[in-house]
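Visitor: I would like to go through this model with you. Could we take it topic by topic?

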Amino acid sequence: MTDTPIIQTRALTRAYPGVIALNRVDFDLRRGEVHVLFGENGAGKSTLISLLAGANTPTDGEILVDGRNVQFSTVADAQAAGIFTVFQEFSLIPTMTVAQNMFLGREPGYGPFTDHRAMRKSAQALLDSLGFDVPVGETVVHLSRAQQQMVEIAKAFHGDPKVLILDEPTASLTDREVDHLFATILRLRERGVAIIYISHRINEFERIADRVTVLRDGAYIGTTAMADTDEATLVEMMAGRAIRDIYPDIPHAPGDVLLEVKNLTAWGVRGASVTARRGEVLGMAGLVGAGKSRLFRAIMGIQKIHGGTVHWKGRDITGAPTRHVIGAGIHYLSSDRKDEGLDLAKSSWQNLEIDLMMGREARGPMIRPRALRSVAGDIFEKVELRDSYRSQVVAQLSGGNQQKVLFAKSFGHDTDLYIFDEPTVGVDMGTRAALYRLIGDIAASGKAVIVISSDLPEVLNLSHRVLVMTEGRISAELTGDARTEDNVLRYFFDDNGESA
Amino acid sequence: MTTATDSAPRNNLLKRMFIRLGVLPFFLGIALIVFALLSDKFLTVQNLVNVGRQSVYLILVSLGQMLVLISGGFDLSVGTVIALASVVSASVMVAMAPVFPDAVWLAIAIGALAGFGSALVVGGINGIGVAVFGVSPFIMTLGVSSVGAGLALFLTGGVPVSGLPYAFGNVFGFGRLWGVPVPVIAAAFCVLAMWVLMARTRLGAQIYAVGGNIKAAHLSAINTRRTLMIAYILCSLIAALTGLLLTARVETGEANLGGTIALESIAACVIAGVSLRGGLGRVETVVLGGFFIILVQNGMNLAQVSSYMQMVLLGALLILAVIFDQLRYRMIMSGR
């Protein structure tokens, strides 16, 4: 380790009208270390990396690379300095192949002609070296989200980075893929690459982190070596208070069967049977692409049902259109809040009010804005969305607050069964605790809850009963003490131990 | 229910006005100053009243166009609907007049209904194409526009339909009620109805929601296909109403009415802050947008700008408005 940090910031500040997103932060990154940025949503992590990545410019303070003062005005500037970033938002072109995406703008070839074979070959070599199992010739749109994420990461590695910034890279990866990624990160560290890693999941990054820097409310709280700290300390630094246990105790009082699915087949689902009861949280675990999400999207009428039956309170609702399923009392919270959850250019109020109009407050063709506003206010209280965020355009909110708005929308309908698909993707610890409390309250009030999640601790800690899906089938049902991480993992893969 | 700009508290006034209303107030101010300098007849009460009366037709069509734009599409076939409604209603009125010699209003009513019927068909086809088959609104309405224009010419052999009942033109073309021209009353009624629709009904909110994020709207229990269908059909019906009013004005059924109105109505909407991405836009400003386009045309006429050059300027104005729309959208999303 040489003395000059590869990146150093001095009093780095980014202010917006009315809010200081990053307030005089001093941060340093050493060669060959994995440095985790930790903090709640809105703590300034994303702002800090957007400044380092050249995607945004500071309003005050300075950035030093190798001890020299730099000013990045574009992402390309930062890349020229050896700083590569994998943002949470994907930047892939869906209609192009994996190889084309990886070599976008730097295609190998002669003059204007692209050497496609060479391109595929080196793309393959890079993916292999990273341990990512992604077909290079495949069009990106046909890949799973996890595979897209891998391509995104590979794209950054391709530039031979001195500094690699990863913004929640594991949000949609399975544990096995995460292992690959971590192995790769450690290999890069050996080569002297410095890595900034943003994550909310302590039990994940404690395996690779050298140092951790905690931010809160745009301010620098402290930096500590991972070896010298523990989860409780970090969480306390992040939240400014101790969060003893983020998972609530949910009373288990199973009542009537509400949903009964028999032998359902659909695209990616090959015969699955599920029941959901009042007063119970049912967890759906499985690898990305195992069909746990598609099963419920088929029930909701978002994708076609090919066979099997769906009964709701004894009534056959197989193949009913989405709005009728919602009207009957089932709500589905999408795993992709930006693409199919929220209207990003509208305020939180407007996003919630449309659901109230279609659901609980649907009376006649006219709307009563004042009545709507008051009901919406109560719901925002319930999901703990702060007053000042309510009239703000949703696109401007942090991931955690956007997720609160999405949760609020599900309370806009008369619902007996809540299906939460990846309810805490890209959500900070504090917000996650709040959302878990909400889920607990719903179940305790005698409604049925289904939690679909790739986050194992989440499924295991929230659910009374866990179904594991493998390749479109239910491979196990775990209750009571059988709900352990080892058990679930065992059923993730087929008998021969191979994944799909 | 409307724009998304209760935020950004301490921005300066101009920026807030831009985010809330779009580029219109600025354009309107510039136009008033420039044309007032170019011609001293421009800024007179008489001229402005005149502009107001002439802009009725464009305002009507723009209201329909706004619905479709907010739903996330656009309608290039509004001009064709005007032509088709004109030709169909005129032909039916002329045919019905001898059948009901003592009841001229019955003949007029049947003719008008036929005109609206043809618009219903056009709007329905647009809606089915876009909502059910997922055809891009651009191609769908462009194709339908060609079909409709061809039909209108085919039905009449390219010859204007004359011999309409006098009462039709007298009332709907030149009539006055309480001293106000009938077309103005019709437009005022439509503006009011449209405002109620967009600001106070669930259907209006659904149109905003579908244009804002159709997948999210679907998951909020909105019947997205039905909503899109209704937007296209209402747009066509309003265009047909405009066609009837214009027919009454010229007292013939003509297949070349409404030639450039598709472009003009889109320009009026975009200038008035209706986003081409869908989901954003307000009735009040669209009315002003339609008025603005006619005002500019009037100003250019007074300043003796040739009609060819006017085409150039109108197109340039639309492009400029779209660029500003893009900037505004970015400001809304980033809060900057």
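Visitor: What share of the contacts in chain B with a separation of 6 or more comes from residues 24 or more positions apart?
Guide: Such pairs account for 79% of those contacts in chain B, where two residues are in contact if their C-beta atoms, placed from the backbone, lie within 7 Å. This is a predicted model, in which local features need pLDDT of at least 70 and side-chain atom pairs count only at pLDDT 80 or more, while totals for chains, interfaces and linings use all residues. Residues are numbered from 1 along each chain as its sequence is written, and chains are lettered from A and ligands numbered from 1 in the order in which they are written.

Visitor: How many helices and strands are in chain B?
Guide: Chain B has 14 helices and 2 strands; helices (H or I, at least four residues) and strands (E, at least two) are DSSP runs, numbered from the N terminus.

Visitor: And how much of chain B is buried?
Guide: Of its 336 residues, 52% are buried, meaning that 20 or more other C-beta atoms, placed from the backbone, lie within 10 Å of the residue's own.

Visitor: Which part of helix 13 of chain B is covered?
Guide: Helix 13 of chain B is mostly covered, with 17 of its 20 residues buried. Its end C-alpha atoms, in residues 283-302, are 29 Å apart, which agrees with the 28 Å that 20 residues should span at 1.5 Å a residue; the expected span is 1.5 Å times one less than the number of residues. Just after this helix, B:Q304 takes a positive phi of about 60°.

Visitor: Changing topic, how many residues of chain A are in contact with chain B?
Guide: On the chain A side there are 34, in contact with 31 residues of chain B. Helix 12 of chain A gives the largest share of the chain A side, 5 residues.

Visitor: Which residues are buried in helix 18 of chain A?
Guide: In that helix, residues 485-492, A:V488, A:Y491 and A:F492 are buried. They line one face of the helix, because seen down its axis they fall within an arc of 115°, taken from the directions from the helix axis to the C-beta atoms. Their cover includes strand 15 (281-286) and helix 17 (456-462) of chain A.

Visitor: What are the domains of chain A?
Guide: The assignment gives domain 1 (7-239) and domain 2 (257-492); the bounds come from an automatic or database domain assignment. The C-alpha centres of these two domains of chain A lie 30 Å apart.

How values were computed: Buried ≥ 20, exposed ≤ 12 C-beta atoms within 10 Å, placed from the backbone.
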